[in-house]
Amino acid sequence: MLLQGYLEHLGYKAQIHFELEGCYQARDIEHGKEKSLDYKTINHCLRQLDIDGEIIEEYWRHQWEYVSLFNGQSPLKEALNLSRAIEKIPQLFQQLYSKDGVTKTLIQPVVWCGDQGKLADGSEQIFTHDTRAVHIPNAVQLNVSVINTKGENLLAEHGFGEYLQDCFLQTSLECCLLYLPEEAAFERLALKTRYGLVQELCSPNDISGGHQGSIALYRERGKHNQNMGERPLLYDQYNSVLSVIQNWQETARIEHRLGASSVKYNPYVNVIYALLNVVDAVHEHAVEQKSEMIEKPFSAIALPTSLYGDGQEMGAVELFQQSCWFSQTLNCVQKKYNRLKLMPRLDCPSQLGDKIKQAIVENYHAVLAK
């Protein structure tokens, strides 16, 4: 509420949407044949639970994806959506699909030996007869766009999108603990090289920009260089698309693709992280007004290899503990919000950023002390 209210006072509204990948384990129940799952029932249940999202099939066998619906929900409601989805999806899979052979639902960074197969050279769809095990990486993706009082998407403007992307690029290393919340998340980053799965897996493993990197700016073109915002305009008698209309301005966004699926992933903390980057960007936008924002060169940055350092390399916990951007930026917004005397008044402890940061770090120190 604090960050949402502050942005609204400045004349902006952040739109945040999550995508969460997971898997399920299943036994064969019909003469060695697997029964495909019908997700209509589980999606109806999600609607009944007031969760603005749905389950769809993903690339690998037994892999699914939870995707946000564009229902105009606030960032706070979106965090609640994902938090409830992480809790409820395993329960719903058990209730609805155990008769179809589902034995377990997994929300974790890596599903070891989750599938079999090897892609043919130069192909993204055709598999060879190589039946080696493939370790499936599961991601949480966070999508961000910013709307002004005219209802315009600022990510469509040249300059603002690049600056917001740069904000995420600059803060993603020190805040990687927030979106890589357990040790297996770092094993996920190393899958492609450690197990020779470069061709099979396309998950990012470092902090990079552009429109195909791990922190991507999508405007006219998407991750696979496809046109963004296309909608069919005219069909022929065979239901084939004859022409399309493109409105990429509506779908322009930053997609933060580094998060790891985990029951330990905290949607609320990650929404705070996203909104703090938005605050930095809109502050700069207000200063720059109509002048061009300078696009800064950026070289890919390696992520740490563990939660905890080894004496030579700092781990994610130590990086977050030593950084000050997250806590200081949130403290600063809280002071500005209180000085503005905005309504409704929020019952928040002072130095909120320090307290949230301390709670996050202490949680990991408690685990290490056991």
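Predicted model: local features only at pLDDT ≥ 70, side-chain atom pairs only at ≥ 80, totals over all residues.
Strand 7, which spans residues 139-148, has 10 of its 10 residues buried, so the strand is largely enclosed by the rest of the structure. In strand 7 both faces are covered. One side carries A139, Q141, N143, S145 and I147, while the other carries V140, L142, V144, V146 and N148, and all of these residues are buried.

Two strands pair with strand 7. Strand 1 (residues 12-26) runs antiparallel to strand 7, and the pairing extends over 9 bridges. Within this pairing, S145 of strand 7 stands opposite Q15. Strand 12 (residues 253-260) also pairs with strand 7 in the antiparallel sense, here over 5 bridges. In that case L142 has H256 of strand 12 as its bridge partner.

Helix 4 comprises 12 residues, 160-171, and the distance from its first C-alpha to its last is 17 Å, close to the 16 Å expected at 1.5 Å a residue. Of its 12 residues, 11 are buried, so helix 4, too, is largely enclosed by the rest of the structure. The buried set consists of F160, G161, E162, Y163, L164, Q165, D166, C167, F168, L169 and T171.

One of these residues, E162, takes part in a salt bridge with R219, with an N to O distance of 2.6 Å.

In total, the structure holds 5 salt bridges. Another of them joins K77 to D50, with the closest N and O atoms 3.8 Å apart. K77 is in helix 3 (residues 75-97) and D50 is in the loop between helix 2 (40-48) and strand 2 (53-57), so the pair ties together parts that are 27 residues apart in sequence. The two partners fall into separate accessibility classes: K77 has a relative accessible area of 19% and is therefore buried, given that buried means under 20%, whereas D50, at 46%, is partly exposed. Salt bridges with shared partners connect D50, D52 and K77 into one network. A further salt bridge is formed by E87 and K88, whose closest N and O atoms are 4.0 Å apart. Here E87 is partly exposed at a relative accessible area of 46%, and K88 is partly exposed at 22%.

F18 is buried at 0% relative accessibility, and Y265 is buried with a relative accessible area of 4%. Elsewhere, ring pairs connect Y24, Y39, W64, F93 and Y97 into a cluster.

Note on methods. Residues numbered from 1 in each chain as written. Heavy atoms only, no water. Buried < 20%, exposed > 50% of the residue type's maximum accessible area, 1.4 Å probe, protein only. Helix = DSSP H or I, 4+ residues; strand = E, 2+ residues; numbered from the N terminus. Pairing = 2+ DSSP bridges. Expected span 1.5 Å × (residues − 1). Phe/Tyr/Trp six-rings, centres within 6.5 Å; stacked < 30°, edge-to-face > 60°. Salt bridge = Lys/Arg side-chain N within 4 Å of Asp/Glu carboxyl O.
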